Amino acid sequence: MAQRWVSAWHDVRVSEEQHKSDNRGRPVTEEFRAFVATDWAPRTSAKPVLAEVAPYAAERRAAVSAAFPGERLVIPAGGLKVRNNDCDYIFRPHTAFAHLTGLGGDREPDAVLVLEPLDDGSHESILYFRPLAGRATEEFFGDSRYGEFWVGARPGLADIEGELALSARHIDEFTEAVGKDVGSTGIRIVRDADRELTQALDALREGSAGSTESELLREADDELAHFLSTLRLVKDEWEIGQMREAIKVTANGFDAVIAGLPEALERGRGERWVEGVFGLHARHQGNGVGYDSICAAGDHANTLHWIKNTGDITDGDLLLLDAGVEVDSLFTADITRTLPVNGHFTEAQRKVYDAVFAAQEAGIAAVKPGAKFSDVHDAAIRVIAEHLHAWGLLPDGIDVEATLDKEHGQYHRRWMVHGTSHHLGLDVHDCALARREEYMGADLAPGMILTVEPGLYFKADDLLAPPELRGIGVRIEDDILVTSDGCENLSADMPRTSTDVEAWIANIPKD
């Protein structure tokens with residue numbers, strides 16, 4: 001059975017490679033092999049340092065182990081993804097893998113974490129990965145995807161064990177180990193982490209259980225994925241610290257954008273300039289951006305997910321910047337500020353901005369232990385509805401209560417169609433597999449981190465909007481930690497009121 005499993009995974013891997021051609025063949029002689037393997041300085045023998053995250057990751061694995069006793073749990077990092085031809089994207093491990101190992105950044109493509117069941121009901125944590133190859137191997141100099149000459153050195157087995165405090169094995173041992181006792185030992189896999197591995201493991205499990213069991217196997221996998229997603233709802237101390245760091249360096253990126261606003265106006269395609277400035281600081285101070293930045297000037301701010309960032313920025317525009325730095329551990333901030341490019345809000349811009357700020361204040365005030373997650377949106381959207389009603393924008397005969405009616409109202413959503421909050425952490429929209437009753441309908445608990453991000457959007461071609469408001473889009477977003485007695489705005493150091501935003505822009509020296 002194990003041999004059939006090895007063949008299945010090998011066939012899937014090879015089939016992909018068969019579609020690629022190597023037009024840059026490099027002749028290799030025995031003389032060269034011998035020459036390239038000689039006269040290298042010894043590898044460092046320094047003892048690897050236990051990572052700060054290791055004990056926290058061990059606690060997370062223990063929670064998973066307790067939930068699935070006696071089963072073999074397979075959590076792949078995922079593999080490299082082709083960008084074009086023989087060039088790969090920078091690797092980012094699957095979120096569940098990163099959460100349970102503590103590995104972030106560009107760490108260990110093709111690795112697989114296995115929680116191997118033990119007789120006492122617990123699990124041994126084993127990381128299967130591709131360790132550093134010896135200098136006498138062809139991989140060392142000849143493998144452009146994994147070789148040290150091409151992509152740098154990787155850790156060895158002892159390095160990983162010392163860093164993460166778990167067992168490490170060569171990836172070549174994985175196929176035999178994961179397939180042993182199939183049929184008598186339940187096996188679950190995070191299906192979307194490595195689709196080729198999942199396909200091969202399905203063949204192994206279905207060959208043992210019979211095709212009629214395939215749906216049950218997928219349901220079991222989905223249960224594992226759901227558990228791992230909801231495991232991130234409440235952050236531990238280390239995770240909260242990583243979020244603080246992500247927010248701090250995100251604030252630096254916003255400062256840099258403000259400093260560069262005059263140049264963004266002068267150069268043309270100013271949205272691209274803003275994107276590049278923020279991306280520079282994200283890459284320098286962290287792993288990169290946590291999601292594609294929204295750098296939306298003028299009416300582009302009214303396209304909620306404007307990531308094209310191809311427009312000009314002109315004097316008098318508002319710039320809606322929704323951006324976050326992902327630090328090396330892969331935790332990301334998610335912050336939005338709407339900035340008057342010339343440093344001063346017009347009367348109409350301030351009117352909209354102050355309404356959104358009031359809505360955000362109400363939403364943040366609703367964040368406290370025991371409150372429903374949905375209470376945050378309800379508090380913020382009520383303020384939005386109150387302003388729209390006061391401005392005479394709701395249909396005749398529709399008051400605030402009528403538009404807030406979820407079955408027959410919702411007229412206010414023409415100008416704020418999105419929700420107010422989402423969980424935040426390793427993914428910008430974290431814990432996405434949580435069920436509605438675990439998310440929108442759940443009580444807030446200390447350690448949760450969520451955004452509060454109301455907005456108002458008056459498209460330039462919206463004939464129901466007053467002419468002076470058309471083309472104005474405003475969103476204000478902060479990252480909020482639920483505490484034991486309320487909440488903490490983790491991004492509170494970044495100015496939010498219209499007056500403070502103007503002072504922020506005035507006080508940062510311009511490039």
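Predicted model: local features only at pLDDT ≥ 70, side-chain atom pairs only at ≥ 80, totals over all residues.
E1 (residues 72-76) and E7 run parallel to each other and are joined over three bridges.

**The five-stranded sheet**

- E1 and E7 belong to an open sheet of five strands in the order E6-E5-E4-E1-E7, in which the pairing is mixed.
- Strand E6 (167-170) and strand E7 (187-189) form the edges, each pairing on one side only.
- From one strand to the next, the twist averages 25°.
- Helix H3 packs on this sheet and touches E1, strand E4 (112-117) and strand E5 (123-129), with its direction at about 50° to that of E4.
- Helix H7 (residues 157-164) also packs on the sheet, where it touches E5 and E6; the direction of H7 makes about 155° with that of E6.

**Helices H3 and H10**

- Two packed helices are described by the angle between their axes and the distance between the axes.
- For H3 (residues 54-67) and H10, the angle is about 145° and the axes lie 11 Å apart.
- The crossing of H3 past H10 is right-handed.
- Ala63, Val64 and Ala67 of H3 meet Leu224, Phe227 and Leu228 of H10.
- The residues of this contact comprise six nonpolar, no polar and no charged.
- H10 covers residues 214-230, and its 17 residues should span 24 Å at 1.5 Å a residue; the end C-alpha atoms are 25 Å apart, which agrees.
- Buried residues of H10 include Leu224 and Leu228, as well as Asp221 and His226.

**Strands E14 and E15**

- Strand E14 (residues 455-458) pairs with E15 in the antiparallel sense over four bridges.
- Leucine 456 stands opposite valine 474 of E15.
- In a regular strand the side chains alternate between the two faces of the sheet.
- In E15 (residues 472-475), Ile472 and Val474 point one way while Gly473 and Arg475 point the other way, and all are buried.

**Positive phi in two loops**

- Most residues other than glycine have a negative phi.
- Arginine 269 has a positive phi of about 45° although it is not a glycine; this residue lies in the loop between helix H12 (261-267) and helix H13 (270-285).
- Arginine 269 counts as partly exposed because its relative accessibility is 46%, between the cut-offs of 20% and 50%.
- Glutamine 410, also not a glycine, has a positive phi near 75° and is located in the loop between helix H16 (400-404) and strand E13 (449-452).
- With a relative accessible area of 25%, glutamine 410 is partly exposed.

Terms used:
Residues numbered from 1 in each chain as written. Heavy atoms only, no water. Expected span 1.5 Å × (residues − 1). Buried < 20%, exposed > 50% of the residue type's maximum accessible area, 1.4 Å probe, protein only. Pairing = 2+ DSSP bridges. Axes fitted to C-alpha atoms, helices over the stretch in contact; angles between N-to-C directions. Left-handed = near helix turned anticlockwise from the far one by under 90°. Contact = heavy atoms within 4.5 Å. Nonpolar A, V, L, I, M, F, W, Y, C, P; charged D, E, K, R; others polar.
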